[in-house]
Amino acid sequence: MKILYISSAQSLGGGERHLADLANSMAERGHDVHVVLRPASPLTGELKGLRKENLTILPLRNSLDAKSARELSKLVKKNDIEIVHAHMARDYPLAAYGTRKNPGSRLIVTRHVLFDLNPLHRFTLSRAARIIAVSQAVAAQLLSSRVVRPERITVVHNGIDTSRFLLARDRFDRQKFLSDWDLAENSLLIGTVGELSPLKGQPEFLKAAAQVVQHYPNAYFIIAGRDNSSDKSNGAMLEDLIGRLRLEQRVRRVQWLEDIAQLYCALDVFVSASHTESFGLAIAEAMACSTAVVATATGGAREIIQPGETGLLVPVGDIENLAEAILELLGNQEERARMGQAAQRAIAAKFTIKQMVDNTERIYREGLEGVE
């Protein structure tokens, strides 16, 4: 198939990782894959399987960028594109225009978030062959919005490169990691990964940390994530909170790690304190590394974690329960190991990249065959 992916993303998150995995995998399977990105897109370096001539840069300023829409339509026609796949709401109208002017192509969109779609998308998506939801929670939100036809919604969970994380666990040297981070061998590590944003719950994570250190003086906390706010206020807010909680000697912040799997493997407990998660890619990645997980009971987390078996769930925003769950796992090394191993098996069984790509490929073929 001739497939075109579109993304105007300016930062690299779970949705962008999803797109890169799809594009690379489809290219490996022999499909003719094209990608349209904005200038200086963070996705450029992630598209390892893409031929250079198949990457196009367009402004993609917003959903009303008429010039980009026309150029996109020309690109679809020139390359006989059959599938146009968009992953961000602001890209949906541009993708729809590209297929509307080229009857031989089919529009596929993926919905990665739980925010409401603008009612105007009812028109934009009227010709979409499929709307892919990355979780049942997203599918339920789409149904309640009544913006798209129910029969066109299909759930395809995000996929995890489980072999990569298994290999990372096998090769992990905890003593070296602790030494590189200048930490004592008896240190306990609790961490969270995600863009710095109030919705990701880093303030709640820190407030829970302040309670945990009262019981475990050897506990250290790692926050990994970039601050994509225009004025960097999210990072500044966290630094201020760290100071007010007197956690300066206990919290390490890193913007980016080339091998995030090493961090997951180093953690005694991974924490997701998010207010909302459509899926929870970082949760699944930590589980794939056999790391014990505590997460707030967002829609996405509830689909990934079986409480008490593959992780612990606590109410959203409940700092006391969050701290108690972390303390419960820190106090029982055998339970951490058992839960981590069960988590790894669950991810390997249900959330692999192969499953994601197989299901998406099937949807593309059904779209071309006109299957409703």
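**A close look at Glu-361 and its surroundings**

Author: Happy to! Once its neighbours within four places in sequence are set aside, Glu-361 is in contact (heavy atoms within 4.5 Å) with Met-1, Met-26, Arg-29 and His-31. This is a predicted model, in which local features need pLDDT of at least 70 and side-chain atom pairs pLDDT 80 or more, while totals for chains, interfaces and linings use all residues. Numbering runs from 1 along each chain as its sequence is written, and side-chain values use heavy atoms, without hydrogens and water.

Glu-361 sits in helix α15; helices (H or I, at least four residues) and strands (E, at least two) are DSSP runs numbered from the N terminus. With 15% relative accessibility, Glu-361 counts as buried. The scale is under 20% for buried, over 50% for exposed and partly exposed in between, using a 1.4 Å probe and protein chains only. One of its contacts, His-31, is also a polar partner: the side chains of Glu-361 and His-31 are joined by a polar contact of 2.6 Å. Such a contact is a pair of N or O atoms within 3.5 Å; within protein, one must be able to donate a hydrogen and the other to accept it, and residues adjacent in sequence count only if both atoms are side-chain atoms.

Now for the helix itself. Helix α15 covers residues 353–369 and packs against helix α1, residues 14–28, at an angle of about 75 degrees, with the axes 10 Å apart. That makes the two helices, α1 and α15, roughly perpendicular. The classes are under 35 degrees for roughly parallel, over 145 for roughly antiparallel, 65 to 115 for roughly perpendicular, and oblique for the rest. Axes here are lines fitted to C-alpha atoms over the stretch in contact, and angles run from 0 to 180 degrees between N-to-C directions. On the α15 side, Ile-353, Met-356, Val-357, Thr-360, Glu-361 and Tyr-364 take part, and they meet His-18, Asp-21, Leu-22, Ser-25 and Met-26 of α1. By class, this contact has 6 nonpolar, 3 polar and 2 charged residues. Nonpolar stands for Ala, Val, Leu, Ile, Met, Phe, Trp, Tyr, Cys and Pro, charged for Asp, Glu, Lys and Arg, and polar for the others, Gly among them.

Beyond its neighbours within four places in sequence, Glu-277 is in contact with Leu-114, Lys-200, Ser-272, Thr-298, Gly-299 and Gly-300.

In α11, 8 of the 8 residues are buried, so the helix is largely enclosed by the rest of the structure. Among these buried residues are Leu-281, Ile-283, Glu-285 and Met-287. Just after α11, Ser-290 takes a positive phi of about 65 degrees.

Next, the rings. The structure holds 6 aromatic pairs. Rings of Phe, Tyr and Trp (its six-membered ring) pair if their centres lie within 6.5 Å, and planes under 30 degrees apart count as stacked, over 60 as edge-to-face and the rest as tilted. Phe-165 and Tyr-264 form an edge-to-face pair, 6.2 Å centre to centre with 65 degrees between the planes. This pair links distant parts of the chain, 99 residues apart: Phe-165 belongs to helix α6 (residues 162–171) and Tyr-264 to helix α10 (residues 260–266). Phe-165 is buried at 1% relative accessible area, and Tyr-264 is buried at 0%. Another edge-to-face pair is Phe-279 with Phe-351, whose ring centres are 5.7 Å apart and whose planes stand at 65 degrees. Phe-279 lies in the loop between β11 and α11 and Phe-351 in the loop between α14 (333–350) and α15, so this pair ties together parts that are 72 residues apart in sequence. Phe-279 and Phe-351 are both buried. Ring pairs also link Phe-165, Tyr-264 and Phe-270 into a cluster.

For contrast, here are two exposed spots. Ala-40, in the loop between β2 (32–37) and β3 (55–57), has a positive phi of about 60 degrees although it is not a glycine. Ala-40 is exposed, at 80% relative accessible area. Arg-246, in the loop between α9 (233–244) and β10 (251–254), likewise has a positive phi, near 60 degrees. Arg-246 is exposed as well, at 74%.
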